[in-house]
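Work through the exercises below with the sequence and the model open. Each task is followed by a solution in steps.

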Amino acid sequence: MAGVKGAAGCVEELRRERAGCSFNMEELTNILDGGKDITTRRREIEDLMCGDPAFKDEVPTEYLSHEDRYTTEVRKVCHLARKMAQHNISSRELGITSVTNLLRDGNPLGLHQSMFTNALLGLASPEQQRRWGRLAQNNTIIGTYAQTEMGHGTFIRGLETTATYDPKTEEFILHSPTITATKWWPGGMGKTCNAAIVMAQLHTQDECRGPHPFFVQLRDLDTHHTLPGITLGEIGPRLGLNSQDNGYLRFDHYRIPRTNLLMRHSQVLQDGTYIKPIHTKLSYGTMIVTRVGIAVLCVKKLACAVTIATRYSAVRHQSELVPGEPEPQILEYQTQQYKLLPHIASVYALILSARSVASVHGKVTADISRGNVDFLPELHTLSSGIKAVSAQDSTQGVETCRLACGGHGYMASSRLPSLYTSATSCITLEGENTVLLLQVARYLIKSYRAAVKGKPVLPSVSYLAASPPVHHTPELSNKALVEAFRTSSASLVRETEANLQRLCDMGQNYPHAWNSCSVALVRCGELHTRYYICERFLSSVESVAVSEGTKGILVCLCRLYLVYHVTLNQGHFLRSGTLSAADLSTLEEEMSDLLARLRKQAVPLVDAFDIRDELLASTLGAWDGRVYERLYDEALKSPLNKTDVPKAYYKYLRPLIKASL
Ligand SMILES: CCCCCCCC(=O)SCCNC(=O)CCNC(=O)[C@H](O)C(C)(C)COP(=O)(O)OP(=O)(O)OC[C@H]1O[C@@H](n2cnc3c(N)ncnc32)[C@H](O)[C@@H]1OP(=O)(O)O
Ligand SMILES: Cc1cc2nc3c(=O)[nH]c(=O)nc-3n(C[C@H](O)[C@H](O)[C@H](O)COP(=O)(O)OP(=O)(O)OC[C@H]3O[C@@H](n4cnc5c(N)ncnc54)[C@H](O)[C@@H]3O)c2cc1C
């Protein structure tokens with residue numbers, strides 16, 4: 001395609017953008033990865049995998065049938081699993097890379113490598129881990145996490161699948177009594193997996209003890225046939241992730257040994273005696289760790305999208321900024337900068353905050369193993385909040401990036417559509433966002449009520465009962481903006497609690513009053529989490545030891561993040577009196593300056609995400625900026641272009657055209 005207008009210019013333009021880099025790119029990459037050693041290991045693994053031709057798609061997946069897409073991804077993921085074993089790469093190490101981007105349409109082994117493995121680690125007894133751990137690690141057992149049913153995803157206590165203990169045979173009888181009891185959604189369950197952790201209502205000694213996790217073999221390990229007493233299948237096309245063979249599962253009085261109940265936290269003895277866990281929600285632990293993982297997973301989608309849109313915006317020219325002058329790079333338009341730069345900042349804010357939650361998770365897990373569950377509610381709140389806000393911000397960010405690429409952003413080959421469909425799935429899966437934010441709010445209201453009564457509350461929420469400042473804050477430093485978030489969050493919780501109480505005083509019962517306040521309660525959950533993210537971002541940036549240039553760009557990004565979210569949420573600040581209209585005008589002016597300053601660093605900033613072309617997989621976002629050549633080459637791959645005149649012409653068009661002659 002030599003001679004396509006502007007193609008060589010694109011390469012040159014990105015070179016010029018990179019020449020102006022004001023910071024040490026490697027330092028930023030290390031921060032995002034979580035350390036120099038992690039960057040080195042990530043690159044080793046990505047080099048190994050990306051250089052392997054077995055991961056190349058002969059035909060773009062969009063042109064394949066549903067079954068061929070699945071088969072292609074299974075081929076790739078099995079090759080990946082073999083290579084991981086050969087080169088001693090653990091699932092955890094794979095998680096630090098973006099190698100699963102080589103799978104274009106969902107990972108049939110995704111649930112095996114994440115929730116199934118984590119459930120065994122967190123919920124199985126040491127003896128059970130010895131029994132199944134190695135088999136799972138070497139992929140003899142391929143499992144999923146089967147919790148959601150057709151009738152219930154959110155309300156786990158409403159699950160209908162039963163596991164009834166029979167002391168005579170020392171077995172549990174698994175049963176799906178209704179159509180709505182059908183397990184529906186588990187990833188990889190349709191055709192790939194031969195086992196699952198199934199959440200079912202445990203019945204023993206004529207009492208229901210609530211949902212518990214069971215290890216269940218679903219298919220014959222030799223023939224892969226579904227075992228008698230089980231019905232299994234795939235649920236059909238989804239908005240995206242179509243190669244993940246999300247499945248359905250029904251049990252017809254299917255028997256499993258007593259010892260298949262995951263017994264780390266609760267047990268059923270041979271005679272049927274039930275031993276309670278030290279906290280009733282410990283069996284929900286796999287969801288907590290997965291929520292933190294999902295927060296990171298969707299930010300990685302955002303990092304891909306904003307890399308694509310930023311590089312494209314540096315090579316795309318459109319319209320006239322000044323009448324009569326040459327068409328500028330679209331990145332020159334302030335509106336374009338506003339679409340992209342806050343999302344670059346978001347990647348840092350969300351990654352650093354998710355990492356903080358992950359470290360809380362580590363501490364709380366250690367506490368639990370010593371019998372201390374005091375910090376579990378706080379962990380549940382943080383992980384719910386970070387998952388919800390990450391999924392929401394990433395999805396909105398990816399969509400904004402898609403729109404920022406105009407028509408070409410609508411092309412599948414830009415990769416932006418599939419980034420969107422996978423990001424938006426994170427809003428629903430692993431706890432629907434609204435529901436999770438209401439869980440955060442539940443903790444806030446409870447903590448606020450305890451704090452005003454002088455009872456002890458955990459440090460992250462002690463601010464709720466602190467007295468509000470009488471006047472709005474006179475300065476607008478970073479610290480002041482974070483404090484403004486905190487004060488506004490406390491004020492919103494206070495106001496919402498007062499409304500809740502007022503409704504109760506007027507005679508509504510608490511659940512109805514709660515429902516009547518739930519729009520505000522979701523906002524409480526969001527604002528508290530945003531405050532947490534802002535605070536974590538600022539304190540990470542302040543404490544990081546890097547060169548002056550790198551520190552400077554991080555401070556600038558952090559400032560943009562704070563100013564952007566303060567102006568977006570200005571209603572809260574005005575209402576709480578923490579900021580005035582004049583403050584907001586000052587911040588809006590500052591945002592213009594920040595956008596102009598960061599614009600110059602936009603391309604180096606996304607380069608620092610260090611996403612290889614093979615993993616970005618986009619016609620618009622490749623390192624060299626040869627957008628138009630790639631778009632054209634990809635279009636040539638359309639099966640319709642194999643012939644000049646399509647079959648449909650002879651079958652349908654020609655008779656129509658001829659009939660009217
Ligand atoms: C790569 C990975 C790919 C992943 C693919 C996706 C896989 C999946 O989607 S798997 C399925 C995920 N499903 C979900 O996340 C379901 C979401 N639902 C839930 O988590 C819960 O049912 C939930 C939290 C909404 C409500 O639970 P419920 O038992 O009704 O609790 P509820 O009555 O509201 O609260 C009771 C108490 O438990 C607490 N609690 C609830 N969940 C937890 C938890 N996980 N840990 C600790 N405490 C908890 C509440 O805070 C509350 O505390 P308190 O009484 O002190 O205020
Ligand atoms: C791509 C994908 C992969 C998945 N993978 C798995 C898997 O591997 N394993 C598995 O077990 N499950 C899986 N799921 C299921 C997923 O966990 C559930 O879809 C999710 O938890 C939401 O539950 P639901 O579908 O029942 O939605 P619902 O709970 O029915 O939600 C519908 C609406 O009701 C609202 N709502 C529900 N409860 C409340 C409430 N208390 N207060 C206010 N509003 C409420 C929600 O906010 C939402 O707007 C997957 C789902 C998807 C989309």
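**Exercise 1. Describe the shell around ligand 1.**

Step 1. Ligand 1 is surrounded by 31 residues, and K281, Y284, H380, L429 and G431 are the closest. A residue is near a molecule if its C-beta atom, placed from the backbone, lies within 6 Å of it.

Step 2. Two or more residues of this shell come from each of α6, α8 (285-315), α10 (376-404) and α12. Helices (H or I, at least four residues) and strands (E, at least two) are DSSP runs, numbered from the N terminus. The most is given by α8, with 6 residues.

Step 3. By class, the shell around ligand 1 has 14 nonpolar, 12 polar and 5 charged residues. Here Ala, Val, Leu, Ile, Met, Phe, Trp, Tyr, Cys and Pro count as nonpolar, Asp, Glu, Lys and Arg as charged, and the others, Gly among them, as polar.

Step 4. Domain 2 (138-277) and domain 3 (286-606) each supply at least three residues to the shell around ligand 1. The domain bounds come from an automatic or database domain assignment.

Notes on reading the model: this is a predicted model, in which local features need pLDDT of at least 70, side-chain atom pairs count only at pLDDT 80 or more, and totals for chains, interfaces and linings use all residues. Residues are numbered from 1 along each chain as its sequence is written, while chains are lettered from A and ligands numbered from 1 in the order in which they are written.

**Exercise 2. Locate ligand 2 relative to the domains.**

Step 1. Among the 23 residues around ligand 2, those that come nearest are Q147, T148, G153, T154 and T434. The elements giving two or more residues to this shell are β1 (143-146), α11 (416-428) and α12 (433-452).

Step 2. The shell around ligand 2 divides into 9 nonpolar, 12 polar and 2 charged residues.

Step 3. Ligand 2 lies between domain 2 (138-277) and domain 3 (286-606), because both give residues to its shell.

**Exercise 3. Is E430 buried or exposed?**

Step 1. An unreviewed UniProt entry annotates E430 as "active site". UniProt positions are given in the numbering used here, feature names are shortened, and annotations may be inferred rather than shown by experiment.

Step 2. E430 sits in the loop between α11 and α12.

Step 3. E430 counts as buried because it has 25 C-beta neighbours inside 10 Å. The cut-offs are 20 or more other C-beta atoms within 10 Å for buried, 12 or fewer for exposed, and in between for partly exposed, with C-beta atoms placed from the backbone.

Step 4. Beyond its neighbours within four places in sequence, E430 is in contact with M287, T290, R291, I294 and K387. Contact means that the C-beta atoms of two residues, placed from the backbone, lie within 7 Å.

**Exercise 4. Which elements of domain 1 touch domain 2?**

Step 1. The protein chain is assigned domain 1 (22-113), domain 2 (138-277) and domain 3 (286-606). The C-alpha centres of domain 1 and domain 2 are 30 Å apart.

Step 2. Domain 1 puts 14 residues into the contact and domain 2 puts in 16 residues.

Step 3. On the domain 1 side, α4 (66-86) and α6 (110-123) each supply at least two residues. The largest share, 6 residues, comes from α4.
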